[in-house]
Amino acid sequence: MPLGIYKHNGNSVCIKNTGEDMKKVKLKTLKDFITESDVRKVCKDYLHFKGWFVFHLLQGLGCYPGLTDMVAIKDGRVLFIECKRPVGGIHRKPQKEFKADIERAGGEYILAECLEDLIDKKI
């Protein structure tokens, strides 16, 4: 089991107890530990702070394939936001097709891997 995450040469290192001594297991950045739900929560909190009405969408039977994780609305502007983890998050084919459908209809689609993806779009 990892005992902690420590800085080493500007990166994070996961340290594991091997019994007799502490050993470096794998050099990782903090992005390796961020989950999709972490990204979703920080984006939702930020949007609420900025005055957006935000709600989550859940996939279910009969749902439009590739539907985004959330929708945000403010002053007539509607954003469709798909959240992915920064390392290893996969934007699947139905999600790409949904993105194309939204943009073809004149909507705004954002793929957010971190809060900066929203800030960079002046949101």
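Here is a walk through one stretch of this structure, strand by strand and then residue by residue.

Keep in mind that the model is predicted, so local features need a pLDDT of at least 70 and side-chain atom pairs count only at pLDDT 80 or more, while totals for chains, interfaces and linings use all residues. Residues are numbered from 1 along each chain as its sequence is written, and side-chain values use heavy atoms, with hydrogens and water left out.

Let's start with strand E6, residues 77–83. Helices (H or I, at least four residues) and strands (E, at least two) are DSSP runs, numbered from the N terminus. Five of the seven residues of E6 are buried, so the strand is largely enclosed by the rest of the structure. Buried here means under 20% relative accessible area, exposed means over 50%, and partly exposed is in between (1.4 Å probe, protein chains only).

E6 has strand E5 (residues 70–74) as an antiparallel partner, over five bridges. Two strands count as paired if DSSP finds at least two bridges between them. Along this pairing, Met-70 sits opposite Ile-81 in E6. The two strands form a hairpin with two residues between them.

Have a look at Asp-75, in the loop between E5 and E6. Its phi is positive, about 50°, although Asp-75 is not a glycine. Most residues other than glycine have a negative phi. Asp-75 is also exposed, with a relative accessible area of 76%.

E6 is also joined to strand E7 (residues 108–112), by five bridges, and these two run parallel. Phe-80 has Tyr-109 in E7 as its bridge partner. Together, E6, H2 and E7 make a right-handed β-α-β unit. Right-handed means that, with the strands pointing away from the viewer, the path from the first strand over the helix to the second runs clockwise.

Helix H2 covers residues 93–104, and Gln-95 is found in it. This glutamine is buried, with a relative accessible area of 12%. Its side chain makes a polar contact with the side chain of Glu-82, at 3.1 Å. A polar contact is a pair of N or O atoms within 3.5 Å; within protein, one must be able to donate a hydrogen and the other to accept it, and residues adjacent in sequence count only if both atoms are side-chain atoms. Leaving aside neighbours within four places in sequence, Gln-95 is in contact (heavy atoms within 4.5 Å) with Gly-66, Glu-82, Lys-84, Ile-90 and Tyr-109.

Finally, Lys-122 lies in the segment after helix H3 (115–119). Lys-122 has a positive phi, near 60°, and is a residue other than glycine. Lys-122 is exposed, with a relative accessible area of 73%.
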